[in-house]
Amino acid sequence: MLAVILAVGTFGCAGAGAGPAGPNLVTGRISPAHFRFEQTVPKDKGPSGWRAVCIHAMMTNGDTGTRLACAFEVGVPVRNRDRGEISLETAQLITAAWANHAAYEVLSHARPGETLAVLCLQFRQRYRELLRQKIAGAEVSACTSGLTPVIFDLSPAVPSLL
Amino acid sequence: MSSMTAEWLMREARQFYPSLSKFPPQKDVPVIISPGQENRADFKLPFQETPEFQRWHDAWTRAVKETEPWRVLLNGLRPRFPDLQFGSYTPAYMSGGYACILYLRRPQTNGREGFRFIRVAAAISLLAPLYFVYGTIQVATPIPPEERTPWKRHDPHERFSAPELFLQPTEEMQPYADMLARHVEQAFDHRPFPLELADVPVPDIRVPYLNGEQATLMNAFFLRDITGLI
């Protein structure tokens, strides 16, 4: 499995890529494969059902070397009115894309001295806002359901990905 | 059940949610994962070790397993409205309740083009025998041909507005809302939640699924955002 390192550097490096870039360099991307959803509520005839995944994504502050896993849970309906049936693949693609978007936005704007716990909270807030515009009824929170977390890491353990 | 006051509900809320000042999300102990420990399924934040959290979690686990009230509700409603679609919004472990939704499609008012997509919903609490009915309306307006994107795989012909909330069902929602209310009362044995209490803040509770927002009787006992239905 690939590792994800959401690395925050608090240097004055200009962030690259699309989106509202802040001053920090942010590297690392989460992939759809990390969103190993489990169906926690079966679907019924109409819009219904629920699948969720708990992810512990490693964040590293490039300046200080502080590392912490930002734990978050993502839940999506199995079927909603707007999209009809949301296949597992579709759910994975959308949730991964917007997780990256939200992480990039929050981490690139992180101010020096902000704790990773606060950044993780801001990430969950922003991710939820963005995701709900794409999948009606989706939710993002701390890991609350007791699902086995999907854990990414770790820079020292994956020296030769390139 | 004693009379339904804000004080009573706040006491109930404290059965399920631990103290926020003891467990603020900004101070959640960082998860530190060392190599070789990647698959720790037992990881818990400190607030998740409290009896309050355990009661909340148990309530969800029971609700996910015991689908009988839902079966009674939907089996009661479907024959009444054979042409309508029903939905059940159950954000498991990410809310204090769930919602049963009935979907209607009506023409636009004032002869305008497009239509209105109406949801009549019953928000049902997991944590107290309470429910309320309400509605949302999304307006769909046709996208003018010059703004369409026929070269894309997905070329929508309508644009949907953000749903608008009607805590008090409108006249056209009312018959459906009444029927929904009756069936929820029968299936779940719940009573109407006094809506004037909805926005009452509940001080000092850590609601597991909130990302730092103020806890209210509404978001602690029902959904985080009752407008954003599936």
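Leaving aside its neighbours within four places in sequence, which residues is Ala99(B) in contact with? They are Tyr89(B), Ala121(B), Ala122(B), Ala123(B), Ile124(B), Leu223(B) and Leu229(B), where contact means that two C-beta atoms, placed from the backbone, lie within 7 Å.

A quick word on the ground rules. This is a predicted model, in which local features need pLDDT of at least 70 and side-chain atom pairs count only at pLDDT 80 or more, while totals for chains, interfaces and linings use all residues. Residues are numbered from 1 along each chain as its sequence is written, with chains lettered from A and ligands numbered from 1 in the order in which they are written.

**The core**
- Ala99(B) also turns up in the largest nonpolar core, a set of 105 residues, and is listed with Ala121(B), Ala122(B) and Ala123(B) as having the most contacts inside it.
- A nonpolar core here is a set of buried Ala, Val, Leu, Ile, Met, Phe, Trp, Tyr and Cys residues joined through C-beta atoms within 7 Å.
- A residue is buried if 20 or more other C-beta atoms lie within 10 Å of its own, exposed if 12 or fewer, and partly exposed in between, with C-beta atoms placed from the backbone.

**Chain A**
- Chain A has two helices and nine strands, and its elements run β-β-β-β-β-β-β-α-α-β-β from the N terminus on.
- Helices (H or I, at least four residues) and strands (E, at least two) are DSSP runs, numbered from the N terminus.
- Of its 162 residues, 51% count as buried.

**Where the chains meet**
- On the chain B side, 34 residues are in contact with 39 residues of chain A.
- Strand 1 of chain B gives the most to that side, with five residues.
- That side of chain B divides into 22 nonpolar, nine polar and three charged residues.
- For that tally, Ala, Val, Leu, Ile, Met, Phe, Trp, Tyr, Cys and Pro count as nonpolar, Asp, Glu, Lys and Arg as charged, and the others, Gly among them, as polar.

**Helix 3 of chain B**
- The buried residues of helix 3 of chain B are Trp70(B), Leu73(B), Leu74(B) and Leu77(B).
- Seen down the axis of helix 3 of chain B, those buried residues fall within an arc of 90 degrees, so they line one face of the helix; the arc is that of the directions from the helix axis to the C-beta atoms.
- Turned away from that buried side are the exposed residues Glu68(B), Arg71(B), Asn75(B) and Pro79(B).
- The buried residues of helix 3 pack against strand 1, strand 2 and helix 4 (174-188) of chain B.
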